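These are my notebook entries on one structure, set down in the order in which I looked things up. I begin with the overall layout and then turn to individual parts.

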Amino acid sequence: MKPAAFDYHAPTTLDEALALLAAYGDEAKILAGGQSLIPAMNFRLAQPAILVDINPVTTLVGIHAEGDGGLRIGTMTRQRTVEHSDLVAARAPLLAETMPHIAHPQIRNRGTFGGSLAHADPASELPAVAVALGMTLRAQSTRGERDIDATDFFQGLFATALEPDEMLIEVLIPALPARTGTAFAEVARRHGDYAMAGAAAVVTLAEDGTIAACKLVYLSIGDAPVESHSAASALLGVIPTDEAIRAAAEAMEQDIDPLGDIHATAAYRRHLAKVLARRTLASAVARARN
Ligand SMILES: Cc1cc2nc3c(=O)[nH]c(=O)nc-3n(C[C@H](O)[C@H](O)[C@H](O)COP(=O)(O)OP(=O)(O)OC[C@H]3O[C@@H](n4cnc5c(N)ncnc54)[C@H](O)[C@@H]3O)c2cc1C
């Protein structure tokens, strides 16, 4: 298939790119890695009149260490660069653990960190991890800059809080508190396929070994990342024994209402969610103890 006709712009600065978005609004689409947009255009599921290719805007690339122990990642940083970054491995091990689950190396060579977040596919790994780690997504337009919490950014199936004239420019990842462990796991038919279900867990222990904070966030379970507040509440203030983790995984069930599709039935997704809760919470607890 070939895409519908479009006008192509390749601005070399952020200001030029934002001016194009301001001029064309929802007629325009940003082209980042093109790994989702180009197939959608070829199938004519997307028919933008204007393509704004931000690949030449080099200021949007980079992984930066923040003074508070956190990270700042430019939207055009390739997924493969994030995967192989020592800084990411040291400061955001959950992200390092997750990256190899995204598609295949060839796709991660082109696919961008910000493109995956802006695309907001509920089967994508990065939106769930963004919510689990409490990332802040920074958007810019000719009207100015604003920061959006990951929990507010993802608004449904391929829908985000971005306005048509806004671009995601960078992502801020907070430092992990002391005694925090993280874990990611997913189930896919073949490595590199979109997952039938996946989960990210972040657990912080108090000095006495009880759980001081806990997040469990799913992908491929709803039309956006799904956070299980019930699992977290079940664990807060308790010693995370195997039994407590099993009880949290049971409690999680009331927070999810998975859909069935050609890849997995709703019942199978519900089963996977429980298994993934146990696995990721247990790993995160073990890592927090170490
Ligand atoms: C065979 C295959 C398998 C895949 N498997 C997986 C997988 O398992 N998990 C997974 O997460 N992904 C998967 N992907 C998708 C891949 O990770 C994409 O790279 C990613 O979803 C989009 O990133 P991109 O940089 O290619 O964005 P593009 O395709 O260029 O853009 C995607 C959308 O985001 C918008 N956009 C991009 N950048 C910005 C920005 N800075 N500001 C605002 N809007 C922006 C675009 O306008 C477009 O609407 C797969 C893709 C393929 C082809």
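Into which domains is the protein chain divided? I noted that the model is a predicted one, and I found the chain divided into domain 1 (7–53), domain 2 (58–173) and domain 3 (180–289).

**Entry 1: domains 1 and 2.** I looked up the separation of domain 1 and domain 2, and their centres, taken over C-alpha atoms, are 19 Å apart. To the contact between them domain 1 brings 14 residues and domain 2 brings 17 residues. On the side of domain 1 that touches domain 2, helix α1 (residues 14–24) gives the most, with six residues. I then sorted that side of domain 1 by class, which gave eight nonpolar, five polar and one charged residues.

**Entry 2: the ligand.** Which residues come nearest to the ligand? Of the 29 residues around the ligand, I listed Gly33, Ala103, Gly111, Gly115 and Ser124 as the ones that come nearest. The shell around the ligand draws on both domain 1 (7–53) and domain 2 (58–173), with at least three residues from each. At least two residues of the shell are supplied by each of β2 (28–31), α2 (37–42), α7 (113–119), α8 (125–132) and β10 (167–173), and the largest share, five residues, comes from α7. By class I recorded 14 nonpolar, twelve polar and three charged residues in this shell.

**Entry 3: the sheet of β11 to β14.** Next I followed an open sheet of four strands, whose order is β11-β12-β13-β14 and whose pairing is antiparallel. Its edge strands, β11 and β14, each pair on one side only. Between β12 and β13, which run antiparallel, I noted eight bridges, and within this pair Thr204 stands opposite Ala213 in β13, while Val202 stands opposite Lys215 in β13. The two strands form a hairpin with five residues between them, and Gly209 in its turn has a positive phi of about 90°.

The hairpin of β13 and β14 has six residues between the strands, and in it Ser220 takes a positive phi near 65°.

Why is β13 described as largely enclosed by the rest of the structure? Seven of its nine residues are buried, so I wrote β13 down as largely enclosed.

**Entry 4: helix α12.** Helix α12 (residues 266–289) has 24 residues, and from its first C-alpha to its last I noted a reach of 34 Å, close to the 34 Å expected at 1.5 Å a residue. Which residues of α12 are buried? My list holds Arg269, Leu272, Ala273, Leu276, Ala277, Thr280, Leu281, Ala284, Val285 and Ala288. An α-helix has 3.6 residues a turn, so residues three or four places apart point the same way. What covers the buried residues of α12 includes the strands β11 (180–187), β12 (197–205) and β13 (211–219), together with α10 (229–235) and α11 (242–252).

**Entry 5: His263.** Last, I looked at the loop between α11 and α12, where His263 is found. His263 and Met196 are 67 residues apart along the chain, yet their C-alpha atoms are separated by 6.6 Å.

Methods:
Residues numbered from 1 in each chain as written. Predicted model: local features only at pLDDT ≥ 70, side-chain atom pairs only at ≥ 80, totals over all residues. Domains from an automatic or database assignment. Contact = placed C-beta atoms within 7 Å. Nonpolar A, V, L, I, M, F, W, Y, C, P; charged D, E, K, R; others polar. Near = placed C-beta within 6 Å. Expected span 1.5 Å × (residues − 1). Buried ≥ 20, exposed ≤ 12 C-beta atoms within 10 Å, placed from the backbone. Pairing = 2+ DSSP bridges.
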